[in-house]
Amino acid sequence: MDRRAGGGETIMATSEVVHAHAGPQGFIRKYIFSLDHKVIGIQYFFLALTAVWVGMFLSLLMRIHLIWPQVNLPIVGHIQPETYLSLLTMHGTIMVFFVLTTAPQGGFGNYFLPIQIGAPDMAFPVLNMLSFWTTFVAFVVMLAAFFVTGGAPLHGWTGYPPLSAVQSTGPGEGLGADLWITSIAIFCAASLMGALNFITTTLDLRAKGMTLMRMPLTVWSWFITAILGLLAFGVLLSAGILLLMDRNLGTSFFVPVIVVNGQLMGHKGGSPLLWQHLFWFFGHPEVYIAILPGMGVTSQILSTFARKPIFGYRAMVYAMLGIGFLGFMVWGHHMFMSGMSPYSAFAFSLLTMAIGVPSAIKTFNWLGTLYKGRIRFYTPMLFAVGFVSLFVSGGLSGPFLAQPTLDIPLHDTYFVVGHFHLIMGVAAIFGIFAATYYWFPKMFGRMMNEGLGKAHFWLTFIGTYAIFMPMHYLGMAGHPRRYSQLTEVAYLHNLIPLQTFMTYAAFITIGAQFIFVINLFWSMLKGPKAADNPWDATTVEWTTATPPPHDNFGGQTPVIHNGPYEYGVPGAARDFVMQTDPAVGAAH
Amino acid sequence: MSTLAPNFAVKDPKARDAGGGAPPSFGGGGDGNGGGGNGAFNYGERLRRARLGLVLGLTAVIMLFVGFTSALLVRKGLPSFDAQTNTYSRDWVPINLPWVLLFVNTAVLLVSSLTMEFARRAITRKAALAPVKSIPGVSLGDERGFPWLGTTVILGMGFLAGQLLVWRILHEHRFFVNTGPSSSFAYLLFATHAVHLAGGVIALMYAAAASWMLHKPIEAQRIVVDIAAWYWHFMALLWIYIVVLLMIVR
């Protein structure tokens, strides 16, 4: 029998008994408009799962169109160049907002932050519920853009004016673009509600003994991410409101004098660069909003499965704080092409390079954690190691692009597409996969299938590298981004075989995701029952029942005595000591 | 070595059932030294938590206005291309705001902030005296105080009505939202502030409803009024910021 499976015991070291609280019984209050952070976390998870399939389907259409531009697809038909731009816009937007921002923070953060700090729920459960349903409405509004006259917008996920600010610039720039901006604005409101809840919960609801420096690195990552969200989404909201006014009220915040289709528009004096400044003040922290939770969960998993304390816990915390802080000072590196002063560019370049320092600290600490560890290669560990690999591969091209002299020739090429997909897209997705395989037993009470998990990992790991690594070579060969047809441009002909290879790699990688979904749903229904602590982990969520009761701890308040990564402690009966274990805590 | 502890299930007090799903509050917080509540319905902790949440929420509002302010300052300095003359010029025409009416509105809002503070202090006193009042045979005399909350709601609505009047005057002077960047920003800042203040009016109405209709405990009412009050004070400060900004950058 798999020793990870089985009934298991509820190991608790508590000093107090509080009022156990039965959850609501009605279907609506229990599963739809639930106030329970665990249910809300699962709702976010499935929303992100739906969104990632939509986003992935759009990317598949793009890849097919790139190598077979004349093909007539079922339902979709022949993809026009403007349709390609709509696919690109919606793919980017859905993936960034509704997957990379939603799953790690809204999903796993919601479910596990309160449990890991020993709290019964989020600080404001009603606000938490509102946050999820507001995100849901934002997603519906975003999808509605596909179905209105003119279809979805063309302006890319960055929504650069004047394309995005004038309704007549393209078929998707009418109602579709209005819905896009409205959806983003609604999403901002939802994220702000979530952020203030996460911060208040972390500061105010920690159990006795859960000092800041005893918090798991996952909690730190959600906490810092929430701070970034709180400061960044308000600015994006302000930009979105100004953009809506330019589009619908005739103002000129972002639009200069402009002639569209031979017609002089009524705008004058606005600046498209003003939008870029406001957008990227949000946009760069957004990169860290997507990746920081992945860093947290990777640290958690590497330590657990290497059976070693995390190397340099405090350095990891300070590195995350450093990344978050510097993240607000580097937005200009997205705008080296805008004709900014070389002095400004130099400052942004230097600050961007500085982010390499905390990033390197994290990478070396992860490697230090693995060094001489007694590694258990379960699926979560594979994805966590995969995260480190992708973080390094995707991150190393960052210092290239941080230099204006290199960024200017590379900026509008596939080099940038390869860079941000590896670091922000795939690495963050690997963090989400690692979290899913790691916490699935606690969330659903059953184990996922290891064989299917490993097959999923290897196909996805090799597949994503096969898709995104060649993009760097394409970029260096001068292949521009956002071109819908390669066959029309003579100098791109030699690069078509590489594009074809990437499309086949995309087929295989997307096919591998079916393995994940089958494993997910099959394991939910038929997987072997999970023990309360199947990974021999130390943090508080593994002390409670599987799945956790409505109030998380069955009427008991955990008391924390130890740090979060006490593995291989000399003199301990097992090779790990739980955070709630009083015996070793007395010795510290 | 871990210990095995039994799971106790103590029936929850009725007050907790109101939410239909909210889990119990069992203290916590602190940096490992405090925390660990006693399982009672701790209003002091809830008030502190709500205030922290409010501060964070207002931080987001500040960032919204930081975005607007930086856009205003940048936009004011931008030259505009004139397609007719093929030249660049400044298109920032100073907006002629009805300052007298704006100062009257400001005074109304500041007075409402004062009445809101009286309402907050009144309910704080009432909550503090509630345990004394519950002692049999103890009377606190006539408890009907001045309706500060209702007065604040009326003053808040008065401010919003005054703002509508400002809009009408601007329209009469042919300053529309798209007339020029200065009027665009004036409308934007007024409207965004008004939306936030309208949210405050709704919160105050909820506080009043909590008091008269929902029969919430006095401590719960106090939390709603306290949070609404600090939010209201912030709105007054924000309004002063907007007025000063528009005075400097017209």
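A:R482 is partly exposed, because 14 other C-beta atoms lie within 10 Å. The cut-offs: 20 or more other C-beta atoms within 10 Å of a residue's own is buried, 12 or fewer is exposed, in between is partly exposed, with C-beta atoms placed from the backbone. A:R482 is not a glycine, yet its phi is positive, about 65 degrees. It sits in the loop between α15 (450-476) and α16 of chain A. Helices here are DSSP runs of H or I, at least four residues, and strands are runs of E, at least two, numbered from the N terminus.

A word on the source. This is a predicted model: local features need pLDDT of at least 70, side-chain atom pairs count only at pLDDT 80 or more, and totals for chains, interfaces and linings use all residues. Residues are numbered from 1 along each chain as its sequence is written, while chains are lettered from A and ligands numbered from 1 in the order in which they are written.

Now chain B. B:R174 also has a positive phi, near 60 degrees, and is not a glycine. Its loop runs between α3 (148-172) and α4 (181-212). B:R174 is exposed, because it has 9 other C-beta atoms within 10 Å.

Next, cis peptides. A:P161 to A:P162 is cis, omega near 5 degrees. A:P162 is in the loop between α5 (125-144) and α6 (175-204) of chain A. A:T546 to A:P547 is cis too, omega about -15 degrees.

Last, A:G55, in helix α2 (residues 37-67) of chain A. Buried or exposed? Buried, because 22 other C-beta atoms lie within 10 Å.
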